[in-house]
Amino acid sequence: MTDLTTHSTTNATSYPDQGDALDGTTVDAVVIGGGAAGLNGALILARSRRSVVVIDSGSPRNAPAEAVHGLLALDGTPPSEILRRGRDHVRQYGGRVVSGEVVAAELAAPSPDGDLRFTVTLADGGRISARRVLVATGLTDVLPEVPGLAEHWGHSVVHCPYCHGWEVRDEPIGILATGPVSVAHALLFRQLTDDLVYFVNGIDLDDDSRVRFAALGIRVVDTPVERVVDDGDGELAGLRLADGEVVARRVVAIAAPLQARTQGLEGLGLPVRAVQNVGHSFASGVAGATDVPGVWVAGNVTELTAQVGASAAAGALAGASINTDLATADAEAAVRRAAGRSPHGSAG
Ligand SMILES: Cc1cc2nc3c(=O)[nH]c(=O)nc-3n(C[C@H](O)[C@H](O)[C@H](O)COP(=O)(O)OP(=O)(O)OC[C@H]3O[C@@H](n4cnc5c(N)ncnc54)[C@H](O)[C@@H]3O)c2cc1C
């Protein structure tokens with residue numbers, strides 16, 4: 001069986017702007033991760049006159065893609081352009097976007113008036129103190145260790161019928177099985193092409209699925225896959241099998257296991273949940289609330305199958321929920337201060 005655990009995508013890109021500076025003050029909210037989810041959360045907070053800092057390491061999941069599809073009103077826009085506009089919007093309302101990687105985050109001692117405090121540490125040693133935390137670090141697609149596969153990731157090796165399915169319609173497509181979820185994946189890609197081959201790739205394929213595939217005209221290849229083969233121009237040309245046969249394909253679709261990007265965030269104590277046959281993510285409730293007071297999560301880090309629109313929407317909901325929580329804390333603090341000033345107050 002193919003090893004699914006050792007090759008993961010990083011999508012590292014050079015950060016397209018210098019990023020803002022930290023100034024040592026305690027902010028209302030720190031947002032860890034500046035993709036669609038984090039930036040939309042920051043936008044809602046900044047527009048609510050909350051001081052907010054986004055820390056982003058500059059490697060969004062869809063960095064290899066040429067364009068974002070399936071996103072209302074922005075279909076076909078390059079991912080970097082959407083993020084550039086998002087950062088501009090956050091800054092327009094006073095939010096800051098800092099380039100850097102968070103390597104530690106934890107609850108700190110409460111403020112003198114009893115409000116929560118968190119300390120977030122960056123790889124360069126920078127620190128930020130915040131009243132609330134929104135985690136929006138996204139996920140990692142764990143690619144199968146098939147030689148030649150990673151080089152085509154996001155171009156001829158695709159995962160999402162809604163992101164790039166239209167672009168590869170009618171092409172000879174191969175489904176490279178990664179687990180039970182690949183069967184459903186094949187049915188979705190069959191909607192996009194009549195020329196579909198299912199590579200079993202050492203993953204059990206039950207008889208019912210074989211009957212369905214036969215009825216739908218999906219060819220099944222049981223011989224193990226050895227590597228991805230290019231044509232002379234670097235384009236994907238097919239999959240070479242262990243017996244030497246090359247099955248010509250222009251596109252390979254994989255349902256890669258999905259792992260939330262939790263590194264550096266262990267100190268927050270967020271519960272991690274397994275999503276059967278898909279991967280693991282941070283658990284969350286309504287509007288991204290978590291079991292850890294003061295910490296919210298949004299986007300792919302908690303909803304593994306969310307696309308850009310759903311991730312942005314989740315970030316907006318979480319931002320609004322954080323603002324509500326802060327408003328409640330502010331009101332309670334004001335009552336305590338007022339009581340302290342009053343001759344009848346308990347603090348007097
Ligand atoms: C190849 C490909 C193509 C895709 N195409 C589409 C498409 O066409 N349409 C669509 O709707 N969706 C598409 N998607 C899905 C899309 O990428 C996700 O839905 C979206 O990126 C999720 O947004 P997010 O904000 O949750 O995470 P991300 O966009 O991944 O953003 C997370 C950010 O957090 C940062 N980060 C992570 N850890 C840390 C840390 N410790 N410290 C600081 N920063 C950190 C990362 O650098 C990153 O910038 C595609 C995905 C892939 C892989």
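**Entry 1: the loop around Ser111**

Strands here are DSSP runs of E, at least two residues, numbered from the N terminus. I'm working with a predicted model. With that labelling, I looked up Ser111 and found it in the loop that joins strand S5 (102-107) to strand S6 (118-122).

Is Ser111 buried or exposed? Its relative accessibility is 9%, and buried means under 20%, so Ser111 counts as buried.

Next I checked what the side chain of Ser111 touches. There is a polar contact to the side chain of Asp113, at 2.3 Å. A polar atom of the Ser111 side chain also lies 2.9 Å from the backbone nitrogen of Asp115.

**Entry 2: how the chain is divided**

Domain 1 is made of two segments, 2-140 and 258-339, while domain 2 runs over 145-253. I also took down the separation of their C-alpha centres, which is 34 Å.

**Entry 3: the sheet S13-S14-S15**

Then I went to a three-stranded sheet. It is open, its order is S13-S14-S15, and the pairing is antiparallel. Which strands sit at the edges? They are strand S13 (225-230) and strand S15 (246-248), each pairing on one side only. From one strand to the next the twist averages 30°.

I took the pairs one by one. S13 pairs with strand S14 (residues 236-241) through five bridges, in the antiparallel sense. Asp230 has Leu236 of S14 as its bridge partner. The two strands make a hairpin with five residues between them. In that turn I noted Gly234, whose phi is positive at about 85°.

S14 and S15 are also antiparallel, over three bridges. Here Leu239 stands opposite Val247 in S15. How many residues separate the two strands of this hairpin? I count four, and Gly244 in the turn has a positive phi of about 95°.

**Entry 4: cysteines**

I searched for disulfides and got one. It links Cys160 and Cys163, with the sulfur atoms 2.4 Å apart. I checked the handedness too: the angle about the S-S bond is 75°, and the link of Cys160 and Cys163 is right-handed. Both Cys160 and Cys163 are buried.

**Entry 5: the ligand**

Last, I opened the ligand site. What surrounds the ligand? I get 38 residues, and the closest are Asp56, Ser57, Ser59, His69 and Ala306.

For Asp56, an N or O atom of the side chain is 2.6 Å from an oxygen atom of the ligand. For Ser57, the side chain likewise places an N or O atom 2.7 Å from a ligand oxygen. I also looked at Asn62, where a backbone N or O atom lies 3.5 Å from an oxygen atom of the ligand. My summary for the site: side-chain atoms of Asp56 and Ser57, and a backbone atom of Asn62.

Methods: Residues are numbered from 1 along each chain as its sequence is written. This is a predicted model: local features need pLDDT of at least 70, side-chain atom pairs count only at pLDDT 80 or more; totals for chains, interfaces and linings use all residues. Side-chain values use heavy atoms; hydrogens and water are left out. Buried means under 20% relative accessible area, exposed over 50%, partly exposed in between (1.4 Å probe, protein chains only). A polar contact is a pair of N or O atoms within 3.5 Å; within protein, one must be able to donate a hydrogen and the other to accept it, and residues adjacent in sequence count only if both atoms are side-chain atoms. Two strands pair if DSSP finds at least two bridges between them. Axes are lines fitted to C-alpha atoms, for helices over the stretch in contact, and angles run from 0 to 180 degrees between N-to-C directions. Domain bounds come from an automatic or database domain assignment. A disulfide is a pair of cysteine sulfur atoms within 2.5 Å. A residue is near a molecule or strand if one of its heavy atoms lies within 4 Å of it.
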